[in-house]
Each structure stands twice: as C-alpha cells, then as structure tokens.
Amino acid sequence: MTAPGRLRAAAGALPVRAVAGAAAMRAAALLLGAGSLVWAALPAVHRGFAAVALDVAIAGVAAGGLRLALAAVPAPEASYWPSPGVRAWRTFLDVVRQVPWEEGAVIGIAWLEVLHPSRPWHTAVLGAGLIAYLLIAHLAESDAPLATLRPQARVLGLGAVLLALGAGAGMLPAAGPGAGSALLRLAAAGALIVAAGLVLPYVARRLPRWGGGDSVGIYNRRQGTTQRRAGPDG
C-alpha cells in the first residue's frame, strides 16, 4: 500500500475506533449500574420502603444509560415558532441531560443495601462497584479515555485498601478487643500514613513558595505598586 493509501486508511479507522471506544464506555457504565443494582437488591427485602428504593434505583440506572446514549444527539435549533413535536423533543432532552440520574441511582442502591442485615464484604464490593460506576459514567459523558484515571491510580488503589480494611473491621466480633482488632487498627493507621504520604506532596507542589524577599513582592502586588527592593547600590 502506498503512503497516501495508508494515510487514508488511518484517517478512516480513527473515527471508527473512537466511536467504538465511546460505545464500549457507555455500555460499561450501564452494566456497572445494573450489576450494582442487582447486587444490592438480592435477596429481596420487604421493609423500609424497599420498593420505593428499588424503583428509584431502576429509574436512575435506566435514565442514566439513556442520557449517555443520547449524549451525541444534537438539540434542535432554536426557532421562533417551533412545532409541538420539536418543543417536546427539546424538553425531553433537557430533562434527560440535566437531572443527575446516576447520583439518584446510587442513593437508591445504597438504600437497598442498608435495608439488609450486616454483610461487610458484600457492602465493600458494592462500594467498589458504585465508585467504578460513577467514574466510568463521568468518563463516558465527557468522552475521555480510561487512561485519564492513570494519575489517580495510587489514590484509587489506596481507597480500595481502606475499603477492604473497613470490611475486615466489620467482620470482627464485637465481644471485645483482641489481637485481630489490634492488628487491624495498626494496618488502618499504616494505610492512613501512606495516604498522607501520597497526598501531601501533591498539595505541597501547589502551595506558593516564597521566602523573606518574596513576601515584600506579594505585599507590593496587593498594594498595586511595582516598587522593587533596593539593592546594595541603593
């Protein structure tokens, strides 16, 4: 194949690859939402407005998936006398796109999980699934690749460790302190120290660095002046 032919083939394959990636991201968000819903709803409970929570979760997941599916559909152009069909379609798109459906789904799913008896590891898996659902839904909405989360990989990994520690703490018997609970507290303290070690350098890079001489420049800028500090020659 000649060079111009290879360029045309690459130009034609790029949109197809981008469309396929966006569709896969939207499908992954919908599957994560539906899987989290099923995970929290089983076994079924019949107390504490469980039916209302289930309806809210189903509506949130379904409408969130519909919003992602219609993300690339353009809104009708504004006109002075739009037809009733155009007005209805525009209103429908506004409702689908402006309501925070995923957040409502998470509230309903968490409500269903609370209604069940204590099951720490089940809740930990659900928490990881809901976090992944919100992250993937945000990436799908903004058409960002999964590699966007690479800078946050350490923080996400640490969150998974803390989630596992919380689930382990929930499984310990509450009869009294023992070697297992003490070891878990030490592990949690170590995880918090690691979290601080990961976060503090990130914050320190964004703090203003100024010494004794720089404080004069900051004061002058606040006063709206450009006075410079005199040197050795005056």
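This is a predicted model: local features need pLDDT of at least 70, side-chain atom pairs count only at pLDDT 80 or more; totals for chains, interfaces and linings use all residues.
Visitor: Why is the contact between R26 and D143 called a salt bridge?

Guide: The closest N and O atoms of R26 and D143 are 3.3 Å apart, and a salt bridge asks for a side-chain nitrogen of Lys or Arg within 4 Å of a carboxyl oxygen of Asp or Glu, so the pair meets the rule. This pair links distant parts of the chain, with R26 in helix α1 and D143 in the loop between α5 and α6 (153-171), 117 residues apart.

Visitor: How do you know whether R26 is buried or exposed?

Guide: R26 has a relative accessibility of 17%, and since buried means under 20%, R26 is therefore counted as buried.

Visitor: What makes E102 and R67 a salt bridge, and where do the two residues lie?

Guide: The closest N and O atoms of E102 and R67 are 2.6 Å apart, a value within the 4 Å cut-off, so the pair qualifies. E102 belongs to helix α4 and R67 to helix α2, 35 residues apart, and the pair thus joins distant parts of the chain. E102 has 5% relative accessibility and R67 has 7%; both values are under 20%, so E102 and R67 each count as buried. Salt bridges that share partners join R67, E102 and E141 into one network.

Visitor: How many salt bridges does the rule give?

Guide: The count comes to four, and one of them is formed by the side chains of R119 and E113, at 3.0 Å from N to O. Both R119 and E113 are buried.

Visitor: Which residues touch the most other members of the largest nonpolar core?

Guide: They are I109 and L112, in a core that has 16 residues. Helices α1, α2, α4 (101-115) and α5 (120-142) each supply at least two residues of this core, and α4 gives the most, with five. Leaving aside residues up to four places away in sequence, L112 touches L37, A40, A41, A50, A53 and L54. A second, separate core has eight residues, among them M25, I136, L139 and A144.

Visitor: What makes the lining of the largest cavity partly charged, and which residues form it?

Guide: The lining consists of A29, L30, V61, G64, G65, L68, E102 and Y133, and these residues divide into five nonpolar, two polar and one charged. Because Glu counts as charged, E102 is the charged residue of this lining. The volume of the largest cavity is about 30 Å³, and the count of cavities of 30 Å³ or more comes to one. Helices α1 (3-41) and α2 (50-69) each supply at least two of the lining residues, with the largest share, four residues, coming from α2.

Visitor: How do you know which residue in the lining of the second largest pocket is polar?

Guide: This lining is made up of A128, I131, A132, L135, V155, L156, G159, A160 and L163, and the division is eight nonpolar, one polar and no charged.

Conventions
Residues are numbered from 1 along each chain as its sequence is written. Side-chain values use heavy atoms; hydrogens and water are left out. On a 1 Å grid over the protein atoms alone, a cavity is a set of points where a 1.4 Å probe fits but cannot get out, and a pocket is an open set with protein on both sides within 12 Å along at least five of seven lines; lining residues have an atom within 4 Å of a point. Grid points are joined across faces, edges and corners, and a volume is the space filled by probe spheres set on the points. A nonpolar core is a set of buried Ala, Val, Leu, Ile, Met, Phe, Trp, Tyr and Cys residues joined through side-chain atoms within 4.5 Å. Buried means under 20% relative accessible area, exposed over 50%, partly exposed in between (1.4 Å probe, protein chains only). Contact means heavy atoms within 4.5 Å.
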